[in-house]
Each structure stands twice: as structure tokens, then as C-alpha cells.
Amino acid sequence: MEITELVPGIYRVPIPIPAPLREVNCYAARGRHGWTLVDTGFHTAAAEEAWRQAFGLLGIRPSDIEAIIVTHFHPDHYGAAGWLQRLSGAPVYMHDREVAVARRVWREATVKDLETFAERQAVPGHLRPGLVERRRQVLSWVQPQPEVTPVPEGASLAVGDRSFRVLWTPGHTDGLMVLWNEEEGILLANDLILGDISPNISAGPLAAPDPLDRYLASLAKVRELPAVRVLPGHRRPFDDLRNRCDELRAHHERRLKDVVDIVRRRGEATGWEVALDLFGPVMNSSANVEFALGEAVAHLEYLARRSALTVTDEGGAVRYRLPR
Ligand SMILES: [Zn+2]
């Protein structure tokens, strides 16, 4: 394991994940009285092993852990929080909106919701069992679930010896928070903004309505922060926050145009057909099918809400067309 001190006292701890991105950036911050962990990985044997190794390398005893911060409910960030809480006795903090989302999402009922969503977006029948199986498996990787202390927008959280402000920045998930340290310009961005890939913006049973609109508003909100160093949830850290926000906005504007073109070319299209045309070659696993479908439908929903597309919903598969 390669642990890197990205700013003084804050270490990147790469935890392996059973997902296409292969690892998540968790962070361990040293403080005078103990350690703060930010994000946790899926709860798998490999993650436990990686955390134990990190504790050894950094000289952390479980009782030294003062707080565990989970930035959003996705399993690569939330999954091992319950296990780490049992190990350390530390409180687990999440944004207050996300606490409710996690409670709603991480139960068996949402497996069925995903299946229904896939059916309504016309995912072929032979691919749906894989989606269901994958979701059930993911559900098993977020156990035991932590006891969470909710934190509101604008609250201060200690990360090591620094104080960070909680900023609610929905879109990637509805209760996602980033942590902002004004004094030194450090943004703990998790999956709001990544350096070289575009964070997944998904519509579907796990999302609030119009997630792309929420996401673009969140980019506009953080774009104004005078950040010096951005520590993301995956891949490399970066420092050009404003530029990266602009690139991501432009990326989604291009994708919206692409979706309109696909619907125009096809005459009418289902969510699945748009996902195929956008992402066909990369839909090589159930996880990627779920991400691709959610992303396609988020863009379709954004366009439909602004009357750039019309939606026909007669109870079967939902169909999208250009307005007459
Ligand atoms: Zn995420």
C-alpha cells in the first residue's frame, strides 16, 4: 500500500473496492489528540486488510480514531463505516439529508426498485438479473451499518487539527457533502469533482428528481471557493478547481446535445437505447450497466423537464421524443 501525505497531516489511504474504479481515496488526518478518517471503502475482507495495513504504517491504534466522516452514502464511501465504528467506538458523521437517504437505500426493498426502474427504461430482460444480483451483493458490503450522527449545512467538523466547513452539494447523491477549509484552501471533494474522470450522475430509484440540475448548481457553488488543493474521492489530487468545474459543466452540456442527437436520429428512444448509443462498448459489467443507464436517464430527465424532449409513459417502457 502506498500512503501519501497530500497536505501536512492528511494522508491518502487507497482502499481497494470491488467496482470499476478499483480503489477509493480515503483520508486519515492526524490531530493532537487522535485521528479523523474520511470515507471508508466497501466492507470487504480486502478493505479490512488494507485499513489494518494503513493503521500499522501510520501508527494508528483503533482507540486513537476520534471521528469517522462519511461524505455520501455510496458503498465505496459508506460501506466500512460500521465496521470501523465497532473497532474504534468513534462517532460517524454524515450530512443530515444523506442520513435519511442511506436509511432508505440500504435495505432489501431497493433491490426491487432497481429492477422496476431497469424494466421501465427498457433494459433487456437477460441483463436484469445481473443488476439485481449486483445490488444484493453491494447491500452485503455495507454491513454492519453505522450509527450516524447527522451534521447540517454550514457546520464545522474537525479533521485532524483543522476545522472544515460542511457544504451540501447534491447531484452525485442527494445528501453529498464536501468539506472546506478556508484558512488553507483545502477542499475534501470526494466524488463531487474528480480530476480526470466525470463523476457519475444517475437518475433512478436511489436519486432525488433531476440530479443533473442539482449537480450543475453544486458545481457553480464550489467553483467560487478559493481552493489551493482539492483532495478527491478517486484518482489524483488537483489544484485547478475552477477550471475543473468549468470542464465538467461543459462535459454535461456536450452530453445533453449528444442525447438530443441520439433521440433525433432514432425518432424515439428508450433510456436503454440512449445508454447503448452513449456507452455501448463500456457496458461490460452489471455495475457499468447500472452507471450507464442512470447517467443516460439523468440527462433525458433534465431535457424532459425543460421541454427539450417529450416523454410517453403508458405504463410499459418510457419513451422519449423530440417535441413537434
Ligand atoms: Zn460516489
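Among contacts in the protein (heavy atoms within 4.5 Å) between residues at least 6 apart in sequence, 65% join residues at least 24 apart. The model is predicted: local features need pLDDT of at least 70 and side-chain atom pairs count only at pLDDT 80 or more, while totals for chains, interfaces and linings use all residues. Residues are numbered from 1 along each chain as its sequence is written, and side-chain values use heavy atoms, with hydrogens and water left out.

**Overall form**

- The secondary structure comprises 10 helices and 15 strands, where helices (H or I, at least four residues) and strands (E, at least two) are DSSP runs numbered from the N terminus.
- The radius of gyration, taken over C-alpha atoms, is 20 Å, which agrees with the value near 20 Å for a compact globule of 324 residues; the globule rule is 2.2 Å times the number of residues to the power 0.38.
- The C-alpha trace spans about 65 × 40 × 30 Å along its principal axes.

**Burial and charge**

- Of the 324 residues, 56% count as buried; buried means under 20% relative accessible area, exposed over 50%, and partly exposed in between, with a 1.4 Å probe and protein chains only.
- The protein carries 39 positive and 43 negative side chains, and the centres of the two sets lie 3 Å apart. Lys and Arg count as positive and Asp and Glu as negative, without His and the chain ends, and each charge is placed at NZ of Lys, CZ of Arg, CG of Asp or CD of Glu.

- Strand S3 (residues 23-30) has six of its eight residues buried.
- Strand S2 (residues 10-16) pairs with S3 in the antiparallel sense over seven bridges; two strands pair if DSSP finds at least two bridges between them.
- Pro16 has Glu23 of S3 as its bridge partner.
- Six residues lie between the strands in the hairpin of S2 and S3, where Arg22 takes a positive phi near 70°.
- S3 also runs antiparallel to strand S4 (residues 35-38), with four bridges joining them, and a hairpin of four residues links S3 to S4.
- Tyr27 has Val38 of S4 as its bridge partner.

**Backbone exceptions in loops**

- Most residues other than glycine have a negative phi, and most peptide bonds are trans.
- A cis peptide bond, with omega about -10°, joins Gln143 and Pro144; Pro144 lies in the loop between helix H6 (128-140) and strand S7 (148-151).
- Asp210 has a positive phi near 50° and is buried, at 7% relative accessible area.
- Ser307 has a positive phi near 60° but counts as exposed, at 54% relative accessibility.
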